[in-house]
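Have the sequence and the model open as you read.

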Amino acid sequence: MKIGIVVAMDKELQQLQQVFEGSQVIVEKCGIGKVNAALGVQRIINEHHPDCIISSGCAGGNGDDIQVKDVVVSTELAYHDVYCGTAIDNCTQYGQVQGLPARFKADPYLLQQAQSLSAKLSDFSSRILPGLIVTGDWFVDSKEKMRSIIEKFPDARAVDMESAAIAHTCHLAHVPFISFRVVSDVPLRDTDASQYHDFWAQVAAQSFLLTRTFVESL
């Protein structure tokens, strides 16, 4: 299976290039935000024709039980900053681009393999948590912003800036997709993004090893 992994930032790229050094996995940086993500993954699809795409990197977590270093695996993905209104119809949901799914579904096989990793985590301090990932062009660095997102998407497990746009592109290109995101911070418990900075300083390298374990299961 030819696998493409898309990340947003140099820090994520460096970690995952080290993890996958010597393998045939394609690891490339798209850049931060929805437009960069869509353009980057379309380029990978055009040039490499992967059998599946994985959105990897970090994300802000949500939920009483979620911890830094947990991995949120997308069951569904949606935009938290898209609203098309009701001028054309009354069926389009908040977060939905008209004519497209309200939520993009992760590939069933990839999701099954990701969830099966829970039995193999004895060597990791992380957990696999399936759930909704929401995406928007906003780095969530305040409790107020996170609350405004969760008000619309109370079931969201994680918030990032790329995954739904990558899912959107893969949906149109008919390429199997999943997002596999390490929780770097929990905004509703953090007032100054210190968890995010501590993540990169202390635990990022170990956390991304779990991504390799997932890829090796495919």
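## Ground rules

Buried means under 20% relative accessible area, exposed over 50%, and partly exposed in between (1.4 Å probe, protein chains only). Helices are DSSP runs (H or I, at least four residues) numbered from the N terminus.

This is a predicted model, in which local features need pLDDT of at least 70, side-chain atom pairs count only at pLDDT 80 or more, and totals for chains, interfaces and linings use all residues. Residues are numbered from 1 along each chain as its sequence is written, and side-chain values use heavy atoms, with hydrogens and water left out.

## Helix α5

Helix α5 spans residues 163–173 and is mostly covered, with eight of its 11 residues buried. Those buried residues are Ser 163, Ala 164, Ala 165, Ile 166, Ala 167, His 168, Thr 169 and Cys 170. Just after α5, His 174 has a positive phi of about 60°.

## Where α2 meets α5

The axes (lines fitted to C-alpha atoms over the stretch in contact, with angles from 0 to 180 degrees between N-to-C directions) of α2 (residues 34–48) and α5 come within 8 Å and cross at roughly 40°. Contact means heavy atoms within 4.5 Å. On the α2 side, Lys 34, Ala 37, Ala 38, Val 41, Gln 42 and Ile 45 take part; α5 supplies Ala 165, Ile 166, Thr 169, Cys 170 and Ala 173.

## Cysteines

The structure holds zero disulfides, a disulfide being a pair of cysteine sulfur atoms within 2.5 Å. Cys 30 is buried, at 13% relative accessible area, while Cys 84 is partly exposed, at 33%.

Key: Helices (H or I, at least four residues) and strands (E, at least two) are DSSP runs, numbered from the N terminus.
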